[in-house]
Amino acid sequence: MQYIRTHQQAFLGRLDTHAFSPSAVEKILAYGAPVGAALEHHTRLDRCMDRLQQLIQEQEKQGRVLAAGTVVLADTLTNSSGRFDRVWYAPEGGLWLSIAWPDILLPEFTRMLPFAVGAACCRAVRQCGVDARLKWVNDVLVTGKKLAGILCTTLQSSGGDRYHLLGVGINGNNQVFPMEFQTSATSLRSELSREIDLAELTGCLLAELRWSLGLLHYDEEQALAEGGSCEQGRDGLLLPVWQELCDTVGQRVEYGFDIQQKPLYRALARAIDPCGGLVMELEDGSRVTEYSGEIVYL
């Protein structure tokens with residue numbers, strides 16, 4: 001674990017902070033400081049999120065709350081799942097973790113959490129040397145194949161506290177996939193033709209998460225001081241970072257709330273609005289903006 005923390009500290013010094021003043025950088029890193037403050041590692045778990053939920057319950061029984069930013073890591077997951085309980089294959093060799101983040105952001109910024117985690121994950125794997133891109137909202141792809149996935153859920157504990165559980169799965173050194181994923185998934189080892197140091201990648205991801213989550217809180221602070229909202233056209237600070245990594249605009253897509261079970265329509269992705277909504281142009285020229293759901297590229 002110390003090896004991970006050493007890498008996390010090293011990557012903090014390499015974060016891309018050039019667009020911000022030294023005082024802003026200090027504030028952003030302070031907001032994100034809880035990331036990884038508590039770090040728990042397991043060789044095998046059913047799901048990292050289940051373990052976080054267990055930790056929350058254990059703390060409440062003792063009259064305490066789980067430390068913000070607690071991270072649970074596992075070498076392999078035996079019952080992991082993604083959106084709509086889809087099977088997520090998580091063998092040894094990948095990076096599988098979840099983080100507990102308290103529900104303290106205003107709703108406008110809470111809904112940007114999936115963007116923050118996606119940006120952090122994409123920036124981390126790009127530092128390994130792959131040309132990873134984000135597909136709205138936060139699938140991380142390399143040459144059209146899925147390299148990493150993110151799942152964000154909200155949990156209310158029996159004691160009434162609310163947490164966001166932010167799960168990240170990155171195909172690292174694992175190269176063998178079940179038949180149904182063989183043409184749609186890839187790993188860092190497959191793309192780079194070499195093994196990667198998982199502890200180093202974990203440290204890099206935690207550093208990027210500290211920056212992205214801290215930036216989201218700093219953005220909220222600025223919005224409260226300046227006034228305005230994304231609905232009123234205010235440009236936030238996180239979304240431009242995410243947009244630099246996303247290649248969705250300009251793509252022909254198929255959209256659905258659950259795209260595998262019920263695709264709804266095909267369209268041309270035209271823009272991302274200030275609230276993160278995907279603006280799409282239908283075949284008749286009309287436009288629709290979606291704030292949830294998923295897409296596939298055509």
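Predicted model: local features only at pLDDT ≥ 70, side-chain atom pairs only at ≥ 80, totals over all residues.
Visitor: Which residue in the turn of the hairpin formed by S9 and S10 has a positive phi?

Guide: Strands S9 (265–272) and S10 (278–281) are separated by a loop, in which Cys-275 lies. The hairpin of S9 and S10 has five residues between its strands, and the residue in the turn with a positive phi, of about 90 degrees, is Gly-276.

Visitor: In what order do the five strands form the open sheet?

Guide: Strand S8 (residues 252–256) pairs with S9 in the antiparallel sense over four bridges, and Arg-252 stands opposite Leu-268 in S9. S8 is also joined to S12 by four bridges, again with antiparallel strands; there Glu-254 has Val-296 of S12 as its bridge partner. The edge strands, each pairing on one side only, are S11 (287–290) and S12 (294–297). The order of the open, antiparallel sheet is S11-S10-S9-S8-S12.

Visitor: What does the twist average from one strand to the next?

Guide: The value refers to the open sheet of five strands with antiparallel pairing. From one strand to the next, the twist averages 45 degrees.

Visitor: Which cysteine does a disulfide join to Cys-230?

Guide: A disulfide requires sulfur atoms within 2.5 Å, and by this rule the count comes to one. Its S to S distance is 2.1 Å, and the partner of Cys-230 is Cys-275.

Visitor: How many residues apart in sequence are the parts that the pair of Cys-230 and Cys-275 ties together?

Guide: Cys-230 lies in the loop between helix H7 (198–226) and helix H8 (238–245), whereas Cys-275 lies in the loop between S9 and S10. Both cysteines are buried, and their link is right-handed, with 100 degrees about the S-S bond. Because the two loops belong to separate places in the chain, the pair ties together parts whose separation in sequence is 45 residues.

Visitor: Which element gives the most residues to the largest nonpolar core?

Guide: The largest nonpolar core has 74 residues, and those with the most contacts inside it include Trp-136, Ile-170 and Leu-205. Apart from this core lies another, of 18 residues, with Leu-45 and Trp-88 among them. The element giving the most to the core of 74 residues, with 13 residues, is H7.

Visitor: With which side chain does the side chain of Thr-186 make a polar contact?

Guide: Thr-186 lies in the loop between strand S7 (162–170) and helix H6 (188–192). Thr-186 counts as buried because its relative accessibility is 5%, under the 20% cut-off. Not counting residues up to four places away in sequence, Thr-186 touches several residues, including Val-142, Lys-145, Asn-171 and Phe-177. The polar contact of the Thr-186 side chain, at 2.6 Å, is with the side chain of Glu-191.

Methods:
Residues numbered from 1 in each chain as written. Heavy atoms only, no water. Buried < 20%, exposed > 50% of the residue type's maximum accessible area, 1.4 Å probe, protein only. Core = buried A, V, L, I, M, F, W, Y, C linked by side-chain atoms within 4.5 Å. Polar contact = N/O pair within 3.5 Å; in protein donor to acceptor, adjacent residues only side chain to side chain. Contact = heavy atoms within 4.5 Å. Pairing = 2+ DSSP bridges. Axes fitted to C-alpha atoms, helices over the stretch in contact; angles between N-to-C directions.
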